[in-house]
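The following exercises concern the two-chain structure shown below.

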Amino acid sequence: MRNRTAALALSLVATLALAGCGSGSAASGGTGSSARETGTLNVLAAASLTESFTSLAKDFEADHPGVDVKLAFDSSATLAEQVTQGAPADVLATADQDTMQTVVDAHGTQGDPTVFATNHLQLVVPPDNPAGITGFADIAKPGVKYVVCVDTAPCGKLAVKVLDATGITAEPASEEVDVKAVLSKVELDEADAGLVYATDAVAGGDKVRPVDIPTSDANLNTYPIAALSGAKKPQLAQDWVDLVTGSQGQKVLADAGFGKP
Amino acid sequence: MSGRGPALGRAPARLLGPAAVAAVFLGLPLVALLARTPWTDFLSRLTDPAVLDALRLSLVTSLAAIALVSVVGVPLAWTLARVDFPGRSLVRALVIVPLVLPPVVGGVALLSAFGRRGLVGGPLYDATGISIPFTTVAVVVAHAFVALPFFVLSVEGALRAADREYDVVAATLGASRWTTFRRVGLPLAGPGLLAGLVLGWARALGEFGATITFAGNYPGTTRTMPSAIYVALQSDQDAALVLSVILMVVSVAILALLRERWFDQAVQGAVRT
């Protein structure tokens, strides 16, 4: 009895701590009451979901006693490849629809994926804004060193679209290999500005200052999630999808900077 | 060498076996790389302006780096080999650190030192407006940082191996320490010096982590061959294979050339003296 109380208190604390500022929306996926699955739920997710999914996993485990959520974060393309190669996984969430489609085409998902979040690019500048950037067009000013992702990475593909759409032709100082490298160049104050995801701008905290990009349809990534056909725990997989697409999941994702689907 | 075989008996299988495994382990990935390379469009990819840009940049920066390294590296190696001073073991440890440092960490360390907000880079930027990251100079700095240890260790080893008695004799004949260094020590260390140059240069040519972290990655200014290979690997495997083979061929060709032209002469020269 005492043990159970302690466990309950512990999970409550964990839930409160990790759900950020809590918000009473505890109505998460804990629906099924009889014949619950236990064991390990394997979730594969795009690297940009690291913070939000890690937080949601604690909630999920609290709501599902006896369940251990194992999260693996990587680039969406790598994860999709792993799934089609038969890697043991229950749920997949990718950072764009094209990647998910390759899994759907290989009959790797249970039904159609659900779009649960969007992400867009944002300009970030160092806190003291050495180049005096106030709007997106300022990155084209002479002498401004801005950095982007290399155009083979998803964030770089999006950057090309945004730059095209806004008619900016000034060349970047560097094409970094991934979005975290772009962020760190700005955090270190080596670059005057960088194009990162809105979620990275949030993750950068007070080490960067966001500058809005005139948003257009060109500037949007949509994140689909799907339970996988090879899932060992199909019910838990569906519960996870419900959690992410439900109000609690949406709250955590919004706090991390994601947009509504 | 071969004449010694019979006198010592047969080479034991328990040594030859593992030796063969090691040799195959080193050779197999290279052979596999060649086997997977799409040779049909090799030439067209080789003459791709982006590839030529990366190749040119890699050659220029690695050679500039090794030139820089030899200018400061020889004096450092000589000092370590010939001068007793307090803190010598500390300095030698400093020389070794970049060898064992993960290259990315080296890049972050370089940023901390020479970045726009760095220990040295900060005052430089405030005074002159010059910022080193994202420039070709930064690539040379990153290359020099990783190549210097190879060079210094190689030269120091050669200077130590050259008998100090020669220095003493030169001194008794009235040669100044500078003349002794120039006319006696340095020529004796010739082979080690060349080996250091080649090793350091090869290390610079292959440098990736410190370069991409400190200098960035932009075609023509900072995208060296290894960075180009990394970028290609994310989208176009065939292109990455071709680039890898080009880099491998260039390294091996120059090593072979140096061996033919200089190494043997230098070694023979050293043996004759």
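**Exercise 1. Describe the secondary structure and burial of chain A.**

Step 1. Chain A comprises nine helices and 10 strands; helices (H or I, at least four residues) and strands (E, at least two) are DSSP runs, numbered from the N terminus.
Step 2. Of the 261 residues in chain A, 47% are buried. Buried means under 20% relative accessible area, exposed over 50%, and partly exposed in between (1.4 Å probe, protein chains only).
Step 3. Among the contacts in chain A with a separation of 6 or more, 78% are between residues 24 or more positions apart; a contact means heavy atoms within 4.5 Å.

The model is predicted: local features need pLDDT of at least 70, side-chain atom pairs count only at pLDDT 80 or more, and totals for chains, interfaces and linings use all residues. Residues are numbered from 1 along each chain as its sequence is written, chains are lettered from A and ligands numbered from 1 in the order in which they are written, and side-chain values use heavy atoms, with hydrogens and water left out.

**Exercise 2. Characterise the interface of chain B and chain A.**

Step 1. Count the residues: 18 of chain B are in contact with 19 of chain A.
Step 2. Determine the area. The two chains bury about 1,700 Å² between them, 50% of it on carbon and sulfur atoms; buried area is the accessible area (1.4 Å probe) that two parts lose on being put together, summed over both.
Step 3. Identify the main contributors in chain B. B:Arg116, B:Phe134 and B:Tyr218 lose the most area to chain A, together 44% of what that side buries.

**Exercise 3. Which salt bridges join the two chains, and where do their residues lie?**

Step 1. Apply the rule, a side-chain nitrogen of Lys or Arg within 4 Å of a carboxyl oxygen of Asp or Glu. Five salt bridges are found across the interface, and 15 in the whole structure over all chains.
Step 2. Examine A:Glu175 and B:Arg223, whose side chains meet at 2.4 Å, N to O. The pair joins two chains, since A:Glu175 lies in strand β7 (residues 174-176) of chain A and B:Arg223 in the loop between α12 and α13 of chain B. Both A:Glu175 and B:Arg223 are buried.
Step 3. Examine B:Arg117 and A:Asp128, which form a salt bridge at 3.8 Å, N to O. B:Arg117 lies in the loop between α6 (103-114) and α7 (121-128) of chain B, and A:Asp128 in the loop between β5 (121-125) and β6 (146-149) of chain A. B:Arg117 is partly exposed at 39% relative accessible area, and A:Asp128 is partly exposed at 49%.
Step 4. Extend to the network. A:Asp192 forms a salt bridge with B:Arg116, the closest N and O atoms being 2.7 Å apart. A:Asp128, A:Asp189, A:Asp192, B:Arg116 and B:Arg117 are linked in a network of salt bridges.

**Exercise 4. Is A:Asp189 buried or exposed, and where does it lie?**

Step 1. A:Asp189 lies in the loop between α6 (179-187) and β8 (193-197) of chain A.
Step 2. A:Asp189 counts as buried because its relative accessibility is 7%.
Step 3. The backbone of A:Asp189 has a positive phi of about 70 degrees, although the residue is not a glycine.
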